[in-house]
Amino acid sequence: MSSILDEPTASNPYHYKPCYNCQKTDYTKVKSTWWGGLLGPQLLNHVKCNSCGKTYNGKTGQSNHKNIWLYSGAILTVTIILIFGLSFLGLL
């Protein structure tokens, strides 16, 4: 009789694509970054390859550089709009 502890662990538990650099599926989900805090890496499915150290989008298997720029630009735009809106209303 086999137990649940005897079953092998999945090598690709989230079924993400392999790394675009080395084609391996040995990755770690990124929890937090300087550019996105806790939310950014979750929205962009950001993972780090344990073999070569590259970070990429786990769903597409491609680099996240373009998406990071778009995410950062959107956050900056919303911040500027909020600052100008609050100053226009005299609340800042």
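Me: How many aromatic pairs does the structure hold?
Reply: This is a predicted model, and it holds 3 aromatic pairs.

Me: Why is the pair of Tyr16 and Tyr27 called tilted?
Reply: The ring centres of Tyr16 and Tyr27 are 5.6 Å apart, and a pair needs centres within 6.5 Å. Their planes stand at 40 degrees; stacked requires under 30 degrees and edge-to-face over 60, so the pair is tilted.

Me: What makes this a link between distant parts of the chain?
Reply: Tyr16 is in the segment before strand 1 and Tyr27 is in strand 1, 11 residues apart. Both Tyr16 and Tyr27 are buried, that is, under 20% relative accessible area.

Me: What makes the pair of Trp35 and Tyr71 edge-to-face?
Reply: The angle between the planes of Trp35 and Tyr71 is 80 degrees, and edge-to-face means over 60. Centre to centre, the rings are 5.9 Å apart, which is within the 6.5 Å limit.

Me: Which parts does the pair of Trp35 and Tyr71 tie together?
Reply: Trp35 lies in the loop between strand 1 and helix 1 (39–43), while Tyr71 belongs to helix 2 (residues 65–88), so the pair joins parts 36 residues apart in sequence. Trp35 and Tyr71 are both buried.

Me: How do you know where pLDDT stays under 50?
Reply: The stretch is residues 5–9, for which the model has 0 contacts beyond four places in sequence. Where pLDDT is low, the predicted coordinates should not be read in detail. The mean for the protein chain is 87, with 86% of its residues at 70 or more.

Conventions. Residues numbered from 1 in each chain as written. Predicted model: local features only at pLDDT ≥ 70, side-chain atom pairs only at ≥ 80, totals over all residues. Heavy atoms only, no water. pLDDT = per-residue confidence, 0-100. Contact = heavy atoms within 4.5 Å. Phe/Tyr/Trp six-rings, centres within 6.5 Å; stacked < 30°, edge-to-face > 60°. Helix = DSSP H or I, 4+ residues; strand = E, 2+ residues; numbered from the N terminus. Buried < 20%, exposed > 50% of the residue type's maximum accessible area, 1.4 Å probe, protein only.
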